[in-house]
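User: Hi, I'm new to protein structures. Could you walk me through how the chains in this one meet, and where the pockets are?

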Amino acid sequence: MMGGMEEKVRDFIRANFADAVVREDNFRNQQSFYIRAEELVHVCRALWEDPELDVRFLSDITSLDWLGHEEEKHGRFEVIYNLYSLRHKYRLFLKVRLGGDNPHIGTLSHIWAGANLMEREVWDMMGIVFDGHPDLTKLLTPDEFEGHPLRKDFPLTYEQPQFSWNKDEPPEVIR
Amino acid sequence: VTAESKTITINMGPQHPATHGVLRVVLELEGETVVRARPVVGYLHTGIEKTMESKLYNKALPATDRMDYLAPMSNNLGYCLAVEKLLDIDVPEKVRWARVCLAELTRVNSHLVWLGTHAMDLGAMTMFFYTFRERELIMDIYEACGGQRMMTSYIRIGGLADDLPSDFDKRVRNLTRTLRERMNDYEGLLTHNEIFINRTKGVAVISAEDAINLSLSGPLLRGSGVKYDVRKANPYSGYEKFDFEMALGTQGDAYDRYLLRLEEIRQALHICDQAIDGMPEGPYRAHVPGVVLPPKEDILYKMESLIFHFKIITEGYRPPFGAVYQAIESPKGEIGFYISSDGSNKPHRVRVRPPSLINLGALPKMVEGRLLADVICAIGSIDIVLGEVDR
């Protein structure tokens, strides 16, 4: 079932979104597609609507920061959408690369209500803006907290929370 | 509150005994009816994902215990399976069976705590003492295995920290026998208890469609009748060899989830028995020099083992460039580890898919338009652990 599904999804995406796919990848039997940012919502919507594929479960949204790595040339940030088909027991990953300054991408919260919290966490931790999100506020860090802790240039030393009273003292940056 | 305003906004928590930790829910009430509920989290945020980025792969493991502290072995297992997938290594048969047994003990442990606290929230104090008494049996098994009651870190990359204790089978059998009897007591106290039924039946309802749309998993999803259990859908660690039933609910209310979790305890005990019956002989660690620590007794007498031990502890190992995702069925739902490797000896990023947090997203849907007292029941029946919600 897994093998068949893999080809079906590949054919579906290639047939309908040939221009949207930047790269395909299969590492340790996990299928992923690198999608252009502006096409992501359309691809997700199409996967969700297709009765044959039935990719209706958004398992997770997460993000990576490639600062200082040679991968950075494809875009500093990577947002990963972890989709799952409950009927076919099949998982696929859609990945999007975003540039370093002011990264932003369309929200999925109107397709999946579950995306709401996940996108808030990515915004809080990695500083990626989700356009059209109904309530893009901090999730884990306090309101006074500045910065996005999972970015690679976030200082690790010094008073961990950079509140307003100590932000003038320059922290040492280590990676 | 002004004379004109119809609603009043109150904070429930972060310090509230029925929020199971430091959850804060901002409630907008009209009389006693909830108009809007908004969970506010982050009070227990400790940066576990960030911490793991600066540790070697095997040294990042203890951080996983501290997320869902009621299910340490599940977290260990998820992380270890993910790293093993990344490294493409296989573990001996005995390790798989032992891991399954330990993961199921963890499920029983977590569900017992849930049962005790949930019943206590709804006014049934006795359950709490009963379930915590039985939980001690599991804590004793943990202590015999890993030397600790809660933060065991017993499941390691490539195997186990140490061989199973010699009386492991006896202890597990004692537990399964005792608990099966006592489950009847629990049921006698709650299942037909009119107060409990009135507080839970038809409360905190979530439909199957909403459950999928909200990305729920675990008992919350199955309670609404959706057949998704990672153990059945994408078996890991040899679960395909075990015989067990996937418990399903029909109504998607708190009472269904109560029955479902009780059934899950029974199935978990059944799996534990099978694991003890069929536990194969063999090593408790894979033999992968340079990645998996050599057994302790070898280090004292073999030069090569000592060198490998030293190198693994100081330098670690370098998995290939790439990213893997490994999901397992923790007591709370699908806990997944997304590990990205940049080819260095430390993980580039470890993302934990936190079932508690994502399940908590269902709270507004469950309680809006209902009474304030139902909020307590809804929070309890979601079964959150704030250590995992906030990480």
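Here are some questions and answers about the contact and the pockets.

Analyst: Quick heads-up: this is a predicted model, where local features need pLDDT of at least 70, side-chain atom pairs count only at pLDDT 80 or more, and totals for chains, interfaces and linings use all residues. Residues are numbered from 1 along each chain as its sequence is written, chains are lettered from A and ligands numbered from 1 in the order in which they are written, and side-chain values use heavy atoms, with hydrogens and water left out.

User: How many residues does chain B bring to the contact with chain A?

Analyst: Contact here means heavy atoms within 4.5 Å. Chain A brings 44 residues, and chain B brings 42 residues.

User: What is the area buried between chain B and chain A?

Analyst: Buried area is the accessible area (1.4 Å probe) that two parts lose on being put together, summed over both. Carbon and sulfur atoms give 55% of it here. On chain B's side, Lys50(B), Tyr338(B) and His348(B) supply 17% of what that chain buries, more than any other three residues. The whole area is about 3,600 Å².

User: Which element gives the largest share of the side of chain B that touches chain A?

Analyst: Helices (H or I, at least four residues) and strands (E, at least two) are DSSP runs, numbered from the N terminus. Several elements of chain B supply at least two residues each, including α1 (48-53), β7 (333-341) and β6 (322-330). The largest share, five residues, comes from β6(B).

User: What is the volume of the largest pocket?

Analyst: On a 1 Å grid over the protein atoms alone, a pocket is an open set of points where a 1.4 Å probe fits, with protein on both sides within 12 Å along at least five of seven lines; lining residues have an atom within 4 Å of a point. Grid points are joined across faces, edges and corners, and a volume is the space filled by probe spheres set on the points. Of the 27 lining residues, Lys85(B) and Tyr325(B) are among the closest to the centre. The volume is about 720 Å³.

User: Which element gives the largest share of the lining of the second largest pocket?

Analyst: This pocket has a volume of about 440 Å³. Asn116(A) and Pro39(B) are among the residues closest to its centre. The largest share of the lining, four residues, comes from β3(B).
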